[in-house]
Amino acid sequence: MSSSTVITGITTLVTNDPSVGDRSPLGLIRDAALVIEGDRVVWTGEAGTAPATDNRVDAGGRTVIPGFVDSHSHLVFAGDRTEEFNARMSGRSYTAGGIRTTVAATRAAGDAELEANLVRHLAEALRQGTTTFETKSGYGLTVEDEARALRIAARHTDEVTFLGAHIVSPEYADDPAAYVDLVTGPMLDACAPHARWIDVFCEKGAFDGDQARAILTAGRARGLHPRIHANQLGHGPGVQLAVELDAASADHCTHLTDADVDALASGRTVATLLPGAEFSTRAEWPDARRLLDAGATVALSTDCNPGSSYTSSMPFCIALAVRDMGMTPDEALWSATAGGAAALRRTDVGRLAPGARADLALLDAPSHVHLAYRPGVPLVTGVWRRGTREV
Ligand SMILES: [Zn+2]
């Protein structure tokens with residue numbers, strides 16, 4: 001039998017289990033304890049009623065939250081785009097190739113370099129409390145390079161997404177239809193065995209609604225489930241397509257019509273907001289309040305990538321969402337944990353209830369509100385993943 005550990009001395013425990021504690025969506029328990037056995041949570045409640053266990057950890061009056069579920073990142077890449085960011089923030093024009101710059105650097109990198117870069121970013125995210133992450137291909141754009149990215153990602157997470165349709169590969173600039181044929185044919189054949197999800201950047205300058213539908217439908221026929229980059233830079237068909245195809249998530253959702261909001265509120269598709277992208281490109285914020293008031297499920301994620309959102313910090317995204325997107329601190333934390341789990345169609349992570357995975361973060365703060373109240377401060381002082389303390 002695996003040994004049991006009680007974490008006690010918790011001033012505020014966020015469970016995301018509305019059947020306990022204050023019965024809010026966060027299921028807050030004050031002066032709480034939590035028991036881990038093996039890789040699972042087996043008990044939560046008031047500290048005074050905790051069962052006997054083999055081991056004991058004193059949280060010293062800190063807060064415990066579910067580990068963050070970062071449901072959108074692009075971490076298999078090489079190179080960086082410091083100059084592009086610097087030019088954008090300095091008001092200078094910059095004409096180098098954006099995503100294409102990263103594609104060239106990624107193709108030129110060896111497997112070991114790509115994997116080491118991924119591992120470094122994952123360790124960085126873990127230190128900030130992220131215990132589940134999704135990551136994508138999309139900087140290879142050849143059959144070989146896309147499959148390679150997915151093989152490397154799959155060594156580190158179950159949530160792997162095939163994004164051959166990130167942009168039209170430079171070699172196919174004059175014949176996008178042929179690139180869509182490649183993505184839905186030989187590239188999909190090579191990539192499907194290594195991925196759970198298929199994604200497409202449905203936006204002017206990338207793929208239109210018909211192309212996106214063809215790509216996602218082909219992926220679904222190969223057992224991959226859809227998710228979509230939708231409505232980031234302007235209005236478009238992405239959100240409606242996501243709901244129509246029962247995509248797990250429509251990501252970005254910055255430019256929405258009332259019909260888009262209604263579609264998200266009525267379907268199962270989660271609206272994943274990525275405020276790091278708006279921050280890093282000085283763009284208009286997505287309106288989380290509008291989505292929440294309509295009844296949509298909202299997730300928060302980093303979109304960590306070297307071009308448009310080079311942050312791995314979920315606490316930073318929470319602070320932006322509270323400050324600039326109309327979310328309450330409670331809503332933002334829920335969206336960064338349970339919301340991310342919903343965007344990955346997972347029920348074993350993003351909450352701390354009996355049976356859930358023992359993935360949790362210890363905050364050096366009396367409550368989770370400090371994540372937004374103290375932006376930029378490294379409050380995460382402990383992280384358990386699958387029942388093991390890793391930070
Ligand atoms: Zn993205």
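Colleagues, the structure before you is a predicted model, in which local features need pLDDT of at least 70, side-chain atom pairs count only at pLDDT 80 or more, and totals for chains, interfaces and linings use all residues. Residues are numbered from 1 along each chain as its sequence is written.

I begin with the domains. Domain 1 comprises 4-67 + 350-389 and domain 2 comprises 68-343, with bounds that come from an automatic or database domain assignment. Taken over C-alpha atoms, the centres of domain 1 and domain 2 are separated by 30 Å. Between them, 21 residues of domain 1 are in contact with 23 residues of domain 2; two residues are in contact if their C-beta atoms, placed from the backbone, lie within 7 Å. On the side of domain 1 that touches domain 2, β4 (55-66), α13 (370-373) and β14 (380-385) are the elements that give two or more residues. Helices here are DSSP runs (H or I, at least four residues), as are strands (E, at least two), and they are numbered from the N terminus. The most comes from β14, with three residues. By class, this side of domain 1 has 13 nonpolar, five polar and three charged residues. Ala, Val, Leu, Ile, Met, Phe, Trp, Tyr, Cys and Pro count as nonpolar, Asp, Glu, Lys and Arg as charged, and the others, Gly among them, as polar.

I turn to the annotation. An unreviewed UniProt entry lists Tyr139, Asn305 and Gly307 under "binding site"; such annotations may be inferred rather than shown by experiment. These residues span 169 residues in sequence, yet no two of their C-alpha atoms are more than 11.4 Å apart, so they gather at one spot.

Tyr139 lies in the loop between β6 (130-136) and α4 (143-154). Is Tyr139 buried or exposed? Tyr139 is buried, because 31 other C-beta atoms lie within 10 Å, and the cut-offs are 20 or more for buried, 12 or fewer for exposed, and partly exposed in between, with C-beta atoms placed from the backbone. Beyond its neighbours within four places in sequence, the contacts of Tyr139 include Val76, Phe77 and Thr102.

Asn305 sits in the loop between β12 (298-300) and α11 (314-324). Asn305 is likewise buried, with 26 other C-beta atoms within 10 Å, and, with neighbours within four places in sequence left aside, is in contact with His74 and Tyr310.

Finally, Leu256 occupies the loop between β10 (249-252) and α8 (258-266). Leu256 is buried, with 24 other C-beta atoms within 10 Å.
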